[in-house]
Amino acid sequence: SYMRGGVAQFSTGLAFRFRNGIPNQLTELAHPFTPETQFNVLALYGQDVWTIHKLSLQWGVRYDQHKTMFADKTWAPTAYTPSFHFPAESPVHFKDITPRVQVGYDLFGNGKTVLKGGWGRFAHQRMLDPEVIAVDPNVYGYASYKWSDPNKNDFYDAGEVNLDPNGPDFLTQQTANFITNPNEQMPWSEETSLSLEREVMPNVAVRATGLYSRNWNLYRNENVFRPYSAYSIPVRSVDPGRDGVVGTADDPGRTLTYYEYPTSLQGQKFEKNWLTNDANIDQAFKSFEFGMFKRMSSGWQIMASYSATKKNIPLTVGLTQSQFNSNIYGGDRTPNAEINTADTTWEKTGKISGAYSKLPFAMTVAVNYEYRNGTPMARTVALRGGTTIPNIVVNAEPIGSLWTPSYHLTDVRVEKNVNLGGGRRLTVRAN
């Protein structure tokens, strides 16, 4: 993958910050820049099916290889920023072999009762954006300085800022904020299933299924200069209740605590992140499903199912600034990310659908109904009072203390086909 980009909205490569209308900060953007990232994926898969009397066995194995390379790049100095050189780099390469197997067994040899089961392991597919790009240093960057705009023309003029990186006006300088973790490991998923299917009468069958799955080696975003243990200073605030106002009737009468780090770890020089695996956030899911279906015969068919999944997700938040929003990411590795963020609720779904084709005038009617329980949520509250973390938003209650309404969807379709002759047919539908 070859990518080109810049900060086109700033023709000069400058950004100006105003606070309450007063000039406050000058930022020189890396403009233009041409990142170049190579991301190569090789995947090989093989499978076979064996049938031995009443037993059917299907097995497979997959090999994946992920390689990434960042090109050697140099940014030339500008009037505002020094030059940068980024040598060629190759982050952690992943290689993995993932087996899987499915088994079917005809219990009585008459094709009416089948026991099915399977097990499979699945490796995480590395993503170019955002995983790989996040650790490429040759991306958007900037240097910021104090700026007061002495001539009040709302634009930078030479001499208004001391551009010495070690001078009194320098604030911060940043390129990529992520680095490669040499100990990073591949996230994995695993799934085991077992089902029993029985034909109870011609064209009618019932099915029961159980499924267990888990995810491990999941990622968290860790600041290498501020590890988990650095968040050691408790900051306590009164829970204001659902109205957000302290001292009213809905106050639950308790305090909420978050944690900040000491001032000795404050500042941009202590901001450098990488992805780390955390065994404390392994996820597990237990599901079961019951189903019944009748094939189309005698002019009608019907299918119905009900499923439920018990979740065990220790962390449900994404990384800072929503950089990652996949299930394999467990958010920032800080105590604050773990405040009421576990999801141990049930997810339930019910479906029923049917069709009848012998109505008068050769019409067909079909009905589909679906139910899903609501989404579990939690009340959030903005806490204040810290020094290095002056304010933060956390869940005041466990996930599942609030729910969105359940979801019900009914779809009805009436259809009639008219033969126009000559191989032509007109279909009229109403939904």
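Student: Quick one to start: is Asp239 buried or exposed?

Tutor: Asp239 counts as buried, because its relative accessibility is 0%. Buried means under 20% relative accessible area, exposed means over 50%, and partly exposed is in between (1.4 Å probe, protein chains only). Before we go on, this is a predicted model, where local features need pLDDT of at least 70, side-chain atom pairs count only at pLDDT 80 or more, and totals for chains, interfaces and linings use all residues. Residues are numbered from 1 along each chain as its sequence is written, and side-chain values use heavy atoms, with hydrogens and water left out.

Student: Okay, which residue meets Asp239 in a salt bridge?

Tutor: That's Arg254, at 3.1 Å from N to O. A salt bridge here is a side-chain nitrogen of Lys or Arg within 4 Å of a carboxyl oxygen of Asp or Glu. Both Arg254 and Asp239 sit in the loop between β14 (233-238) and β15, 15 residues apart. Arg254 counts as partly exposed because its relative accessibility is 35%.

Student: Why would side chains like that pair up?

Tutor: In general, side chains of opposite charge can pair when their charged atoms come close.

Student: How many salt bridges are there in the whole structure?

Tutor: A search finds 15. One of them joins the side chains of Arg214 and Glu190 (3.1 Å, N to O). Arg214 is in strand β12 and Glu190 in strand β11, so this pair ties together parts that are 24 residues apart in sequence.

Student: And what does Arg220 pair with?

Tutor: Arg220 meets Glu338 in a salt bridge of 3.0 Å, N to O. Arg220 counts as buried because its relative accessibility is 0%, while Glu338, at 35%, counts as partly exposed.

Student: Let's zoom out. How many helices and strands are in the chain?

Tutor: There are one helix and 27 strands. Helices (H or I, at least four residues) and strands (E, at least two) are DSSP runs, numbered from the N terminus. The chain has 431 residues, and 36% of them count as buried.

Student: What share of the contacts join residues at least 24 apart?

Tutor: Taking contacts between residues at least 6 apart in sequence, 68% join residues at least 24 apart. Contact means heavy atoms within 4.5 Å.

Student: Which residues have the most contacts inside the largest nonpolar core?

Tutor: Tyr258, Val381, Leu383, Ile389, Ile392 and Val394, in a core of 15 residues. A nonpolar core is a set of buried Ala, Val, Leu, Ile, Met, Phe, Trp, Tyr and Cys residues joined through side-chain atoms within 4.5 Å. Strands β15 (255-260), β23 (380-384) and β24 (391-395) each give two or more residues to this core. A second, separate core has 13 residues, including Phe39, Phe94, Met186 and Trp188.

Student: Tell me about Leu383. What does it touch?

Tutor: Leaving out residues up to four places away in sequence, Leu383 touches Ser237, Leu256, Tyr258, Pro390, Asn391, Ile392 and Val394. Leu383 lies in strand β23 and counts as buried because its relative accessibility is 1%. The C-alpha atoms of Leu383 and Val238 are separated by 8.3 Å, though the two are 145 residues apart along the chain.

Student: New topic: which residues make the nonpolar surface patch?

Tutor: Trp50, Ile52, Trp59, Val61 and Ile97 make a patch of about 470 Å². Patches are made of residues with over 30% relative accessible area and no salt bridge, with like charges joined within 9 Å and nonpolar side chains (Val, Leu, Ile, Met, Phe, Trp, Tyr) within 5 Å. Accessible areas come from the Shrake-Rupley method with a 1.4 Å probe, and for residues only the protein chains shown count as cover. Trp59 is in strand β4 and counts as partly exposed because its relative accessibility is 32%.

Student: Last one: where does Asp343 lie?

Tutor: Asp343 is in the loop between β19 (329-332) and β20 (346-359). Its side chain makes a polar contact with the side chain of Lys311 (3.1 Å), and another of 2.6 Å joins the side chains of Asp343 and Thr345. A polar contact is a pair of N or O atoms within 3.5 Å; within protein, one must be able to donate a hydrogen and the other to accept it, and residues adjacent in sequence count only if both atoms are side-chain atoms.
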